[in-house]
Amino acid sequence: MTAFSSTLCMKQSEKKIFVLFRIIGGLGGQALYVLTDLGRMGFFLFFGLLGLLKSPFRFRELIKQLCFIGAGSVTVIFFTALSSGMVLGLQGYYSLHKFGAEGMLGSAVSLTLIMELGPVLTALMVAGRAGSAMCAEIGIMRISEQIDALECMAIDPFRYLISPKFLAALISVPLLTAIFDVVGIAGGLSGRS
């Protein structure tokens, strides 16, 4: 009887060890998946930045992307900033009124918009509007083998497609953030009254 119970205990402990190894193996697989994706994103960023340094630079495409990313997103940024500023002003007024600190409303709204909400909401709106369109464009080009055709013609797809979009986004997003901050502060002013 003791030999049977010791064998049973060994099998249960082996099962626990096997389950533990499966959990550790699953975590390792997830870690490798994340590291692989980070490596791919790093290569994408590297080749996109490298395309900015190769000549000839495509200024016409840069201007086209600046119009698409920057000027095309102003309407979305304007209405998002206006509504965010109005809500901040309204909610902040009622919260500060309880403590008799209504005079701090302007600095609270402006600091919240400039330091936190402005950059985050601007990036989300640009990614939602322009980023999804650019992703769809490049995906369609990949499916219809246009990117392969560029490689066959000895044209670097990163320099031709990615680098102008990347530089235009680097120029546009800070300017759109400044517009968001100004409109949001004005919205906070009107939301209070």
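**Close-up views of a predicted model**

**View 1. Y33 and a nonpolar surface patch.** Y33 sits in helix 1, residues 2–53 (helices are DSSP runs of H or I, at least four residues, numbered from the N terminus). The model is predicted: local features need pLDDT of at least 70, side-chain atom pairs count only at pLDDT 80 or more, and totals for chains, interfaces and linings use all residues. Residues are numbered from 1 along each chain as its sequence is written, and side-chain values use heavy atoms, without hydrogens and water. Y33 counts as exposed because its relative accessibility is 54% (exposed is over 50%, buried under 20%, partly exposed in between; 1.4 Å probe, protein chains only). L32, Y33, V34, L35, L38 and M41 make up the patch, with about 660 Å² of accessible area together. Patch members have over 30% relative accessible area and no salt bridge, and nonpolar side chains are joined within 5 Å.

**View 2. The largest nonpolar core.** This core has 15 residues (buried Ala, Val, Leu, Ile, Met, Phe, Trp, Tyr and Cys joined through side-chain atoms within 4.5 Å). I69, V126, A130 and F180 have the most contacts inside it. Two or more residues each come from helix 2 (59–69), helix 3 (74–97), helix 4 (105–143) and helix 6 (157–192). Helix 4 gives the most, seven residues.

**View 3. Contacts of V126.** Beyond four places in sequence, V126 contacts I69, S73, G131, V173 and L176 (heavy atoms within 4.5 Å).

**View 4. T80 in helix 3.** T80 counts as buried because its relative accessibility is 16%. Leaving out residues up to four places away in sequence, T80 touches L121, M125 and F180.

Methods. Patch = residues over 30% accessible without salt bridge, like charges linked within 9 Å, V, L, I, M, F, W, Y side chains within 5 Å. Areas by Shrake-Rupley, 256 points an atom, 1.4 Å probe, with all protein chains shown as cover. Salt bridge = Lys/Arg side-chain N within 4 Å of Asp/Glu carboxyl O.
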